[in-house]
Amino acid sequence: MTTPTVRTNINQSSQSKKPEKANSLPLVTRRCAAWAVEMTLVVASGLVPFGMGVYANSRSDINRVPLNPVLVVTERAIARPLALPVSYGIRNVAWPTNFLWTVALLAPITLSWWQLYLLGKTGSTIPKRRFGVKVVNEEGNAPGLGAVVVREGLGRWSVPVSIAYLLWRYSFAFPNLGLFTFLAVLMVLGQAMGWPSQKRRRAFHDQLAGTYTIDAITGNKRVKTTVSPSNEESPSENEDGVNTSSQQPISTEVKLGSPNLTLLLVGVASMIAVLSTLVGTQIYVQNQESLRKTQQINSEKFLELVKQLNPNAGITNEERQRAILVLGGINDTQSIKFLVDLLVKETDPNILDTIQQALANIGPQALPELKRMNQFLSGELESAGNSPNQELRQKQLSLNQQAINKILTVYSGKINDIDLSSTQLGTNSSEATSLFNLVLNNTDLSGVIFKAANLNRASLKGSRFRSVGEDGRWDTYDDVIADLSKTQLKQANLSDANLSRVLLNRSDLSRAILNKANLSNARLVGANLSSAQLIGSDLQKAVLENASLTGADISDAKLMEANLYAAHLGRVSAIGTQLSSANLTNTDWQGSDLSEAYLDNANLSNTNFSTARLSGAVLRSANLENANLRNADLSRADLRGANLNGADFQGTTLFPAKQDPADQFVQTSDLGSQAAIVQGVDFTEAKNLDPKQLAFICTKGGIHPRCP
């Protein structure tokens, strides 16, 4: 018996006499060209609105709104598998940017599905039709939407990209995104080339979906399907199964697969699934039984120890201490709750130390219960007012805080995802003295959630609030990062602390010490840093939108490419601060000292520099459009390449006043070396220039219509 084959015959009797120029190219070339055009359209539909959104976001005169939550979720979903750093929390963008970036997300998806629909229903997308390429099934018809989804989604992209991802993820190349891109492109192109061992090359995605890529039928071409024995002679064909004879029908052949192999595979898969279910169920039952027995033993032991700790049990303090330590070794929910409650009831100092030791032995598992008691005592303390009960509650809270402090110290680096939000671990601003001060110097607090907690006056010198994740690499998605949003950190000492990428939105860091702290890429939206010390701190690419730094000292700090949109910086000391390429739009620097600061390429539009000192500042290519420079000191400032359109120079010092020789006690250098550098700077659109300023500008090579 011969194996039947399916042959698709295409009548060429009505073929056009003069085919299009594009269709005269080899089929392989046309296939690649059509695919390249399809991909270009999809990519461009996303990149064009994305680029427009980036431009809109760079404008300072557009209102800002929170980023679309769909975009935030999408960003995180992409960042996780690719090990990319991601911006956490809410961030503000220009309102057109929000719309354009949403379009950049939806447009490629919509265009891709439209192309898939056309391919499934007609066998050609518009680029394929233009290049004379068509996709058909074994009967010579359009493949249908289901086959196209398998062909494009699974065969062309999912399988090759997944293989490339696994090779990249578990190799030395991770997390180099360039190498992953190279591997992905290589795999996608490789599957499209087909298998060399076959008589006729077919791409992997065509084999998987049961489709064929053929020359498109033009004019009145007719498709006819016939079935013939496998030993029937067939006309000569090219590598794509297309008949090359001018007098014979074009044909494409493929052998029908045997259903027996499919049934065998389905049967084996079903047996494996059933066996896996049975084994998994048995393991689960055994684990539950072991857990039940352990809980029963622990409950019996717990009840026996509680009886010994009863005040009427008549045992010595040493025996009570041993019982407490044994209770800490049980490490179950009821034991932890009992010890936490006992901590606020006991009065004997030795017993209290033993309870804290037992809780420390339990470790991070005791923190949720300690947090519950902490919040209860905090509420009781607030309601106590000046009553006699206040002192008692303060002592109880202090003992609770000490236990938390001890656990965080002992288990440094092993407390990821511990939730201590809204806990009271610092002092209140009204308290002159406190029974407890949080001390966690050089402690790894990565991943701890301190959201809305009170950490006032805490000592956190050299502590780490961020560490690498399981992959052991920095700046990847699984980095373990603490959450300090809305946290009270007044007068806290965070010198040399690692707060990189940490969330500090709307936190209160007033009068805090952050000298030489690493705050790169940290998010400090709306944070209060008034009178804080940030000398030598690293704030590169940090987000400080609407933050308050009034009276802060940021001398020698690194703020390159930082975003300080609408930040309050009055009376700030920023001597030698590096602010290159920073976004300082709508910021207020009134009365600040920015001597020798680097502001090159910074966006300073609508910035208030009135009465500020900018002596020796580098303002090359800075955008000072509509900036307020009234009574500012710009002596020795470098303004070359700056945009001064609309800048207000009323009373601005561009050169120091000449001294009366009779009044000059110490001889100074030439006044010319103390003047601002304005050579080639365009002052045409600058406002409120007085005659002396104009004379100086014209003399020193500046540009203005009134210069001779």
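This is a predicted model: local features need pLDDT of at least 70, side-chain atom pairs count only at pLDDT 80 or more; totals for chains, interfaces and linings use all residues.
1. Start with the overall make-up. The chain has 708 residues, and 45% of them count as buried. Its secondary structure comes to 14 helices and nine strands. As for contacts between residues at least 6 apart in sequence, 45% of them join residues at least 24 apart.

2. Next, look at the nonpolar cores. The largest one has 118 residues, with Phe 450 and Phe 465 making the most contacts inside it.

3. Phe 450 is worth a click. Leaving out residues up to four places away in sequence, Phe 450 touches Phe 465 and several leucines, among them Leu 408, Leu 420 and Leu 455. Its neighbours also include Asp 483, Ser 485 and Thr 487.

4. Now for a helix pair. Helix α9 (residues 317–330) packs on helix α11 (residues 349–362) at an angle of about 15 degrees, and their axes are 8 Å apart. Angles under 35 degrees count as roughly parallel, so α9 is roughly parallel to α11. The crossing of α9 past α11 is right-handed.

5. Who makes that contact? On the α9 side, the residues include Arg 320, Ile 324 and Leu 325, while α11 brings Ile 351, Thr 354 and Ala 358, among others. Sorted by type, the residues of the α9 and α11 contact come out as six nonpolar, seven polar and one charged.

Note on methods:
Residues are numbered from 1 along each chain as its sequence is written. Side-chain values use heavy atoms; hydrogens and water are left out. Axes are lines fitted to C-alpha atoms, for helices over the stretch in contact, and angles run from 0 to 180 degrees between N-to-C directions. Helices (H or I, at least four residues) and strands (E, at least two) are DSSP runs, numbered from the N terminus. Angles under 35 degrees count as roughly parallel, over 145 as roughly antiparallel, 65 to 115 as roughly perpendicular and the rest as oblique. A crossing is left-handed if the near helix is turned anticlockwise from the far one by less than a right angle, and right-handed if clockwise. Contact means heavy atoms within 4.5 Å. Ala, Val, Leu, Ile, Met, Phe, Trp, Tyr, Cys and Pro count as nonpolar, Asp, Glu, Lys and Arg as charged, and the others, Gly among them, as polar. A nonpolar core is a set of buried Ala, Val, Leu, Ile, Met, Phe, Trp, Tyr and Cys residues joined through side-chain atoms within 4.5 Å. Buried means under 20% relative accessible area, exposed over 50%, partly exposed in between (1.4 Å probe, protein chains only).
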